Amino acid sequence: MIFHILTIFPEFFRGPLEHGVVAKARESGVLDIRVHNLRDWTYDRHKTVDDRPFGGGEGMLLKPEPVFEGVEAILPHRGAAAQVVLLSAQGRLFDQGLARSWSGLSELLLICGRYEGVDERVSEHLVDDEVSIGDFVLSGGELAAAVMVDVVARLLPGVLGNEASRVWESFSAEGHGRGLLDCPQYTRPAEFRGWKVPEVLLSGHHGEIRKWRRQAAEEKTARMRPDLLRGGNE
Ligand code: SAH
């Protein structure tokens, strides 16, 4: 899968996507991340990408021309397998289900906004979707793009060392089931500062361990995210 990122801060991605399983997957060619500088599609001496909002108001907006031209140059042949997404606090919420559907794409282009946002015609006439990573306002789309690439990348076949770990994790429709949170897990020592690991996990009794994990996942979901039990995430 090819991820494209359109941004005014290409250097931003040097750090976040160069560690762990995502870095390994890039090296092995399972995925490719191409970062494009929005200023490559400007023609004035100052490489201007922003302008003042009509009707007045605070701050600046990303102009439509470089965004349209950039997207058209990066993905000249768009189709169902190559999607363009605007990152925006006004978008619909990103979740594991959306990440799973994107993991079937051949190309995904993420447009990072900055300043006060992006001319609305990008949302109206250019992109396939407008997506937010949560109900808060970031100063730019770059962190959100890094989050999305990370989440989608680990769903691609061959990225995680152990494919089973994707089944037994939070929001999985399989595993603990029904989009619950993952169960609590413990490692050694079996007793730390007087706090003991639940006895059943040391018992070696697989049936009992499975039952305990299922129940613990339900309890934790009820405590931390009751909305999920009411049928939120898948
Ligand atoms: N004026 C806008 C916020 C602009 S923040 C508003 O009130 O909705 C600047 C840029 O940061 C946005 O264009 C978007 O690309 C990015 N951004 C901010 N919050 C985000 C979020 N929750 N999810 C994804 N991108 C976000």
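In what follows, Ala, Val, Leu, Ile, Met, Phe, Trp, Tyr, Cys and Pro count as nonpolar, Asp, Glu, Lys and Arg as charged, and the others, Gly among them, as polar. On this scheme the shell around the ligand divides into 9 nonpolar, 9 polar and 2 charged residues. The model is predicted, so local features need pLDDT of at least 70 and side-chain atom pairs count only at pLDDT 80 or more, while totals for chains, interfaces and linings use all residues. Residues are numbered from 1 along each chain as its sequence is written, and side-chain values use heavy atoms, with hydrogens and water left out.

The shell comprises 20 residues, of which Leu 87, Gln 90, Gly 113, Glu 116 and Phe 136 come nearest to the ligand; a residue is near a molecule if one of its heavy atoms lies within 4 Å of it. Secondary-structure elements are DSSP runs numbered from the N terminus, with helices (H or I) of at least four residues and strands (E) of at least two. β5 (82–93) and β7 (129–132) each supply at least two residues of this shell, and the largest share, 4 residues, comes from β5.

A backbone N or O atom of Leu 87 lies 2.6 Å from a ligand oxygen, and a polar side-chain atom of Gln 90 is placed 2.9 Å from an oxygen atom of the ligand. Ser 132 contributes a polar side-chain atom 3.3 Å from a ligand nitrogen. Taken alone, the ligand exposes 560 Å², and the protein buries 87% of that; accessible areas come from the Shrake-Rupley method with a 1.4 Å probe.

The ligand sits in the largest pocket, in that more than half of its atoms lie within 2 Å of the grid points of that pocket. A pocket is found on a 1 Å grid over the protein atoms alone, as an open set of points where a 1.4 Å probe fits, with protein on both sides within 12 Å along at least five of seven lines; lining residues have an atom within 4 Å of a point. The volume of the largest pocket is about 430 Å³, a volume being the space filled by probe spheres set on the points, which are joined across faces, edges and corners. Among its 26 lining residues, Leu 87, Ser 88, Ala 89, Gln 90 and Gly 117 are the closest to the centre. β5 gives the most to this lining, with 5 residues, and β5, α4 (120–125) and β7 each supply at least two. The lining divides into 11 nonpolar, 10 polar and 5 charged residues.

The second largest pocket holds about 210 Å³ of space. Its lining includes Asp 51, Arg 52, Phe 54, Lys 63, Glu 65 and Arg 121, and β4 (61–62) and α2 (64–74) each give two or more residues to it. This lining divides into 5 nonpolar, no polar and 6 charged residues.

Two backbone features complete the account. The peptide bond from Arg 188 to Pro 189 is cis, with omega near 5°, and Pro 189 lies in the loop between α5 (142–153) and β8 (191–192). Lys 47, a residue other than glycine, has a positive phi near 50°; Lys 47 is found in the loop between β2 (32–37) and β3 (50–51).

Technical notes:
A polar contact is a pair of N or O atoms within 3.5 Å; within protein, one must be able to donate a hydrogen and the other to accept it, and residues adjacent in sequence count only if both atoms are side-chain atoms.
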